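Subject: Structure handover

Hello,

Please find the structure below, with its sequence. My notes on what turned up in it follow.

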Amino acid sequence: MRKTVQALSLLLFTAFFALATYRLPDWFPADLYLRIDPLLGLNALLASREMIGRVLWSLILIGATLAVGRFFCAYVCPLGAAIDGFDFLLFRKVGRAVLRTDSTLRRWKYVLLFLFLATAATGVSLVYLMDPIALLTRFYTFFLYPLLITIINLLLDLLRPLFQGLGWATLAHLHYPQPVYYMMAVTLMIFGAVIAFNRLAPRFWCRYLCPLGALLSLISPLGVFRRRVSPECNRCMVCREGCPMGAIGEDPFKTGSADCIQCRECAGICPQKAISFPASFSGVGEYSGPDLSRRGFVYSVGGGLTLGFLSLRTPFTSLQGKRQLIRPPGALPETAFLRTCIRCGECMKSCVTNTLQPSLWESGFSGLWTPKLELRMAACEPNCNVCGKVCPTQAIRSLSMEEKTHAKIGTAVLRKETCLVWAQNKMCLICDEICPYNAIVFRPVEGYRRPVVIASRCNGCGYCEQRCPVRGESAIVVAPDGEIRLAEGSYIREAKKLQLEFKLDPGDDKYLLEESGFKVEQGSKEEKSVPADKPISRKPKGFL
């Protein structure tokens, strides 16, 4: 029964992950598992110091744990299901002795829990490093999803001759865009380590390291379903050997409620059928609390506060604001964004163009894994607003299409020294033609039509940077200059206040190219529009 529920939960998590696309309807919570994670929610509240509506979904899991016990780890947690699945495939025939350091290792999950919460209180979010839901979502995004697309495209290539022979034109030309992400190898190594730890003990991660499990274990003893052992027990200790969490000590009548995940494995394998889990409101049974001393609590909190303080003053902090870092449209102001983002990778997976990539050191240590736009790789699609829909903490605000259009993320800047038109007098119209808002136009400059950027029309989508034919770094790049990032309020009103106008093809750049190329004829209307203080050269000019 438990394994069936686990499999269904993992399939549901996978289905929600797959549905996080630009076609996602506004009402569908594709980030449901991330929303109900109370550790991520508590971390976001502490770090941002503001109420976030979506984290209130975590009250569902907190309430269920208070009523039932720590059932989430045994039945619902998708990472727990993946760990159990790999354990069955890889380690079911491996003999594993009880770790001598078991009691010491059990304290680590509480140390990590209070360390992360204390760090969040300083405004630094680090819980994403070890939260199970965020960790698995990143593994799906950065490794499993690209691998699946690769396999599907390979199969389509193999079957393409068959589809062509059968006349199935759609399948014969079907090809899915291949997503690529930075830090794919790092993500795989982290997930591989979580699975490899099972070689030492069943559910090693859940027993000793999972901070979410530690948080749930603090309230799980209040649940009404508790393990009870009847007098028929003959102390065969089969239950202790079969407990995946090691929650049963040398006395089979005693249970560590903080570690019991309500899996009922002990009841299923007991030869005497002496174990049951009845509902009880009287505290029947002997239970031990979390294994963390007062000194350990003080050390973990003090360590978290120190780590948070140092994280804001590392050598990497000086990099903040000094890189061409473009955040997704609707992202909160940078300080609030770094505090609220849980680095789950959901926005990066759902990005239709694959332009969202994880950051490394561009915004300092506190900005690790946060999403940025890699516009040379791909542009931000004007008709997509899914990143805000799937953000569980609203570090990226969920905006309507019109609001998203006015959420200016930067301004295109022309680099004249590498631009084919400015530097080499070559024929190139790509940036002008591809701009969806006609923010790039050609104006007469010293006797030639040259591309210029109208900043009030550019919302930083990056199509010009992506499509620029110059090799290497683009001759036109989007800089965060003029970006609009609001914690609340309307982007439309803010754009109007700043006199910004984002309209499709407003008709400013109307002319026909003639044999003379971009040369402006002497005495033409356009030439007269050039300021008098800029003399026009009379020597012959043309394109090479």
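A search of the whole structure finds 17 aromatic pairs; rings of Phe, Tyr and Trp (its six-membered ring) pair if their centres lie within 6.5 Å, and planes under 30 degrees apart count as stacked, over 60 as edge-to-face and the rest as tilted. In one of them, Phe16 and Phe28, the ring centres are 5.1 Å apart and the planes stand at 35°, so this pair is tilted. Phe16 lies in helix H1 (residues 2–18) and Phe28 in the loop between H1 and H2, so the pair ties together parts that are 12 residues apart in sequence. Helices (H or I, at least four residues) and strands (E, at least two) are DSSP runs, numbered from the N terminus. Both Phe16 and Phe28 are buried, where buried means under 20% relative accessible area, exposed over 50%, and partly exposed in between (1.4 Å probe, protein chains only).

Another aromatic pair, Phe114 with Phe297, is edge-to-face, at 4.9 Å centre to centre and 85° between the planes. This pair links distant parts of the chain, 183 residues apart: Phe114 is in helix H8 (residues 108–121) and Phe297 in helix H16 (residues 294–311). Phe114 is buried, with a relative accessible area of 18%, whereas Phe297 is partly exposed, at 38%.

Phe16 and Phe28 also belong to one aromatic cluster, together with Phe13, Phe17, Trp27, Tyr33, Tyr140 and Tyr145.

Before the rest, a word on the model. It is predicted: local features need pLDDT of at least 70 and side-chain atom pairs count only at pLDDT 80 or more, while totals for chains, interfaces and linings use all residues. Residues are numbered from 1 along each chain as its sequence is written, and side-chain values use heavy atoms, with hydrogens and water left out.

Charges over rings come next. A charge sits over a ring if NZ of Lys or CZ of Arg is within 6 Å of the ring centre and within 35 degrees of the ring normal. Lys416 lies over the face of Trp422, 4.2 Å from the ring centre, and Arg485 lies over the face of Phe337 at 5.7 Å.

How many disulfides are there? The count comes to zero, a disulfide being a pair of cysteine sulfur atoms within 2.5 Å. For Cys77, the closest cysteine sulfur is in Cys73, 6.2 Å away and too far for a bond. Cys77 is buried, with a relative accessible area of 8%. For Cys263, the closest cysteine sulfur is that of Cys243, at 5.8 Å, again too far for a bond; Cys263 counts as buried at 12%.

Helix H4 (residues 58–68) has Ser58, Leu61 and Thr65 as its buried residues. Seen down the helix axis, they fall within an arc of 60°, so they line one face of H4; the arc is that of the directions from the helix axis to the C-beta atoms. On the other side of H4, Leu59 and Ile60 are exposed. The buried residues pack against helices H2 (32–35), H3 (38–48), H5 (72–75) and H13 (211–219), with contact meaning heavy atoms within 4.5 Å. Just after H4, Gly69 takes a positive phi of about 125°.

Lastly, the strands. E7 (residues 411–414) and E10 pair in the antiparallel sense over four bridges; two strands pair if DSSP finds at least two bridges between them. Val413 has Val477 as its bridge partner in E10. From strand E10 (residues 476–479), Val477 and Ala479 point one way and Ile476 and Val478 the other, and all are buried.

Regards
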